[in-house]
Structures are given as structure tokens and as C-alpha cells.
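User: I'd like to learn how to read salt bridges in a model. Can you walk me through them?

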Amino acid sequence: MVDITLPDEAWEGTEAGTEALLDAWLVAAGDRVEAGQVIGHVAIVKAIIDLIAPVAGVIESLEVVAEENFPRGRVLARLRAD
């Protein structure tokens with residue numbers, strides 16, 4: 001199982017502090033995704049950042065709902081890798 005989080009690089013160089021907003025999911029639980037596919041959008045201080053699937057597989061669960069704030073390091077989704 002692969003835990004998907006917002007990469008540390010996304011937090012660096014922003015004034016976001018320790019919280020961001022999950023703007024939208026582009027997938028649902030049970031959807032098949034490919035490595036590098038955009039699966040959602042996260043808003044940090046007036047910027048939208050693509051959330052990328054790190055590996056191919058099936059989305060097992062979405063742990064944060066759209067329009068929910070989340071802290072740095074929070075698991076956003078779980079992916080069952082191929």
C-alpha cells in the first residue's frame with residue numbers, strides 16, 4: 001500500500017505554513033491510475049498544485065474530502081500499487 005501525501009517540495013518556498021486545502025479530487029476510490037497521473041489539486045497560498053500518483057495501481061481510498069484543510073504530512077489517499 002502506498003500512502004499519498006503532498007510532497008515536502010510543495011511546502012517549501014511558500015508562505016503556507018503547515019496547512020493546505022484539498023481543492024478537488026480527479027479520481028474516486030476504485031479508479032485505476034498510472035504513475036505520474038494527476039489525481040487531485042491542492043491549494044496552497046493562492047497556488048494550485050497537482051497531486052501526482054507516484055506509481056501505477058488502484059486508488060484504495062481518499063482520506064481527505066474536497067474543500068477540507070489538512071496539515072503537512074497528512075495522508076491524502078491510499079493506492080494499491082501494481
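This is a predicted model: local features need pLDDT of at least 70, side-chain atom pairs count only at pLDDT 80 or more; totals for chains, interfaces and linings use all residues.

User: Which residue does Glu 68 form a salt bridge with?

Analyst: Look for a Lys or Arg side-chain nitrogen within 4 Å of a carboxyl oxygen. Here the partner is Arg 74, with the closest N and O atoms 3.3 Å apart. Arg 74 is also partly exposed, at 30% relative accessibility.

User: How many salt bridges does the structure hold?

Analyst: Seven. One of them joins Asp 8 to Arg 72, where the closest N and O atoms are 3.7 Å apart. Asp 8 sits in helix α1 (residues 8–11) and Arg 72 in the loop between β7 (69–71) and β8 (77–81), so this pair ties together parts that lie 64 residues apart in sequence.

User: Are those two buried or partly exposed?

Analyst: Partly exposed: Asp 8 has 45% relative accessibility, and Arg 72 has 39%.

User: What about Asp 82: which residue is its salt-bridge partner?

Analyst: That's Arg 32, and the closest N and O atoms are 2.4 Å apart. Since Asp 82 is in the segment after β8 and Arg 32 in strand β3 (residues 32–33), the pair ties together parts 50 residues apart in sequence. Asp 82 is exposed, at 65% relative accessible area, while Arg 32 is partly exposed at 45%.

User: Which residues are linked in a network of salt bridges?

Analyst: Asp 3, Glu 63 and Arg 78.

Terms used:
Residues are numbered from 1 along each chain as its sequence is written. Side-chain values use heavy atoms; hydrogens and water are left out. Helices (H or I, at least four residues) and strands (E, at least two) are DSSP runs, numbered from the N terminus. Buried means under 20% relative accessible area, exposed over 50%, partly exposed in between (1.4 Å probe, protein chains only).
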